[in-house]
Amino acid sequence: MKKFAFTALLASAFVCASAQDGHVHWLRNGAPTEVTITGGPWTLEQSGAAVGLKSAGYCDANGNQIGNPGTERMQPYYFPVVSGRGKHLQGYFDWRPKDIDEAVVAAYSNDAGQSWYFQQKALELRTTCPDQVQKYPNGQKEPGPDPNNSDNGDDDGQGHQFVITIGGHTYLYTLDRANNHIDSDDLYIHELDPQPGLPLNGAPALDDGPTDATSSEPEIATHTTGLLNPDGILGVVPGSWPLKIIYEQKILNGDITGSTALPASQLCSTWWSGYYNSNPFGTKTNDDITYLRLAETSDGIHFKDLGILQGLNNPGDVSLTGTRWLATAGTILKLDRDRYGLFFSGGGCVDGDSDAFHYIGYAESHDLLHWTVVYGINNPILSTAPITMTVGPNGTPLASSGPGTTVTVPANPPVAGNTLGFFAGRVYAPSGAIYNHDTLTILFAGYHTQKPKYGLGDYRTIGRLSLHASQPLTDDDDWHQDDNH
């Protein structure tokens, strides 16, 4: 009886909060869970890689890659992009065993994203077996190649995949990670010819762009125009025409170079250098600048940039509770009264990485350019492990002993509950699909440890979370980008 009364009280407060401020508020439908995949390429847990051996079981004695022979946790996958509705979802994932390989993988789910079934992979970086001596975090190497603990030197293929159907064409967009190309090239485009069960039909089996080994080659011929330093497409604005998208601009080393350079007081290195030297995560100063931007297109190839999204981040924020960086993947919702909702991921100097993996937040807008954060770093949807430190007046770690304020981030419990092990180090890339009029399924990426080289057997994991909305969710055909499986 007491439990029922508490639940009713919580639900009442939830509805009242929504009525008072007009925003959609969210409650979890159970704790986040790790998802599984049946079939497909090699996974971490099917072999000794789950206990730290980097590439155990990746190839057989004859030098052939070994796929996933059954059902395993969805590792090493990340950057989910999902579409569909209810229980039937189509997914596109970035499969990326560290320093070994990379590919775009398609899979489908018939249980609202709890379990996935492999369909195809495309644009694979290489098919060779790992044969280079594994380099450890301290810089030392093993005495010789070990088939269970070697790599291929890099995993910089094409990733951050996104699929759009427009004007009778279906396009697969990818980021080229190769040196001299990442975040400076346009997004690559491959036209797909989706068939039942083969949603990536038409994409090359192997990477057809420059790689680290061929970094002097130009970008491929078919690519976007008009997007600024694109790192990937976050999502399509439902029901828009010309078709509007939100994408990420990443300016590599932008806060210390060129016209975007910032004063020393706005650099992470100024305030956080002592922390980076002693923190246990191996992070260091990051100098990238990231923005989410709005753009539109009528053909999926030529884009017109419409400006920076305001209110989500501040590239000069050096505080513990600041959102300096935003990540590429997310979810755009069409709400009532010409409102939009946005699930995004953010991070700051404490993470030392512009991939923005500290928390998943939620914001709303009436015009797609000006956003109000409803769930931020201190009251997030999901968060990495809590951090407590003593900070000075500017909210940064104290340079020396002295009076300060002890701060814990997040200050309030996340909507999804306490941080779980599989996303204690990183949590980002929330991709949502409407389940029904007031329920949203979110797929996201999680790392057990912040840097995969410190936890080779437990990184790049796909998680799932079901959320209940305090207001009805729009569910129309314009919202769904692809339903092939």
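These legends go with a set of close-up views of a predicted model. Residues are numbered from 1 along each chain as its sequence is written, and side-chain values use heavy atoms, with hydrogens and water left out. Because this is a predicted model, local features need pLDDT of at least 70 and side-chain atom pairs count only at pLDDT 80 or more, while totals for chains, interfaces and linings use all residues.

View 1. The largest nonpolar core holds 60 residues. Here a nonpolar core is a set of buried Ala, Val, Leu, Ile, Met, Phe, Trp, Tyr and Cys residues joined through side-chain atoms within 4.5 Å; buried means under 20% relative accessible area, exposed over 50%, and partly exposed in between (1.4 Å probe, protein chains only). W116, I246, W272, L312, L342, W371 and Y428 have the most contacts inside this core. Take a look around L342: beyond its neighbours within four places in sequence, its contacts (heavy atoms within 4.5 Å) include L234, I246, L292, Y362 and W371. A second, separate core has 27 residues, among them A106, L175, V236 and F303.

**View 2. G157, a buried glycine in a loop.** G157 sits in the loop between β10 (150–151) and β11 (158–166); helices (H or I, at least four residues) and strands (E, at least two) are DSSP runs, numbered from the N terminus. G157 counts as buried because its relative accessibility is 0%. Leaving aside neighbours within four places in sequence, G157 touches E102, L125, L175, D176, R177 and D207.

**View 3. D155 with two arginine partners.** A salt bridge is a side-chain nitrogen of Lys or Arg within 4 Å of a carboxyl oxygen of Asp or Glu. The R96–D155 salt bridge has an N to O distance of 3.0 Å. R96 is in the loop between β6 (88–95) and β7 (103–109) and D155 in the loop between β10 and β11, so this pair ties together parts 59 residues apart in sequence. D155 also meets R460, at 3.5 Å from N to O. R460 belongs to the loop between β27 (439–447) and β28 (461–469), so that pair ties together parts 305 residues apart in sequence. Both R460 and D155 are buried.

**View 4. The D355–K250 salt bridge.** In this pair, the closest N and O atoms are 3.2 Å apart. D355 lies in the loop between β20 (340–347) and β21 (359–365), and K250 in strand β15 (residues 243–251). D355 is partly exposed at 28%, whereas K250 is buried at 5%.
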